[in-house]
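Open your viewer, get the cartoon and side chains ready, and follow along. We will go from stop to stop, selecting a few residues each time.

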Amino acid sequence: MRVQQNNFECQIHRKARRVCALAAAVLAGLTVSTLAPAAEPAPTEYEIKAAFIYNFAKYVEWPENNDLDSGEAFIIGVLGADPFGALLDQIARSKTIGDKPIVIRRFEHVEDYTPCHILFVAASEHDRLPAILEKLAHSPALVMGDTAGFAHAGVAVNFVIERSKVRFEINPAAATRAGLKISSKLLRLATIVGNEADTDKEQ
């Protein structure tokens, strides 16, 4: 039994390291096909998205003196039907954001929401998105999703699939309303949507 547990834990750590390595490589602009050795299977869509979520925290500045600042953890939340399975938990077990451990929270309904640094809104919440964004109107959360139209509707970061690769859209106005500052390095890799779609990405 102990050997089986150790093998299971090793598998978790290997997968977490793989997902986090994916994050750095994807943000560096590499194609998915170059990310894994030939002996390993290609990363899944949600491995890549989980890697993005983890690494995005390094490229976003949260407002100072907010309620999250005084907390001891960096909080990533998922609202609705979680498509990640254990992937975010695997990252949280082995990684930190700055000097803070990562805590994963899951919310079935927006009424259950408690403050998060990053909140991923699942596709299951499509019809409730206006109410969700209203609820989060004064929250310094980086709201993310992977559903068509979410960025145009006011979600700050939205994943899309283009030519079989995971890409992302950014709505800078939505991030600004939340008091967040997104690095120009991240903006240059994104498709910009919303009122600032035609502005210079380097500003």
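Helices (H or I, at least four residues) and strands (E, at least two) are DSSP runs, numbered from the N terminus. The model is predicted, so local features need pLDDT of at least 70 and side-chain atom pairs count only at pLDDT 80 or more, while totals for chains, interfaces and linings use all residues. Residues are numbered from 1 along each chain as its sequence is written, and side-chain values use heavy atoms, with hydrogens and water left out.

**Stop one: rings in helix α2**

Select phenylalanine 52 and phenylalanine 56. Both sit in helix α2, four residues apart, about one turn of the helix. Rings of Phe, Tyr and Trp (its six-membered ring) pair if their centres lie within 6.5 Å; planes under 30 degrees apart count as stacked, over 60 as edge-to-face and the rest as tilted. The structure holds nine such aromatic pairs. Phenylalanine 52 is buried at 2% relative accessible area, and phenylalanine 56 is buried at 0% (buried means under 20%, exposed over 50%, partly exposed in between, with a 1.4 Å probe and protein chains only).

**Stop two: tyrosine 46 and lysine 49**

Now pick tyrosine 46, which is partly exposed at 21% relative accessibility. What lies over the face of tyrosine 46? Lysine 49 does, at 4.5 Å from the ring centre (the rule asks for NZ of Lys or CZ of Arg within 6 Å of the ring centre and within 35 degrees of the ring normal).

**Stop three: aspartate 146**

Which side chain does lysine 49 join by a polar contact of 2.9 Å? The partner is aspartate 146. A polar contact is a pair of N or O atoms within 3.5 Å; within protein, one must be able to donate a hydrogen and the other to accept it, and residues adjacent in sequence count only if both atoms are side-chain atoms. Aspartate 146 is found in the loop between β6 (142-145) and α5 (150-153), and is buried with a relative accessible area of 15%.

**Stop four: strand β5**

Finally, select residues 118-121, strand β5.
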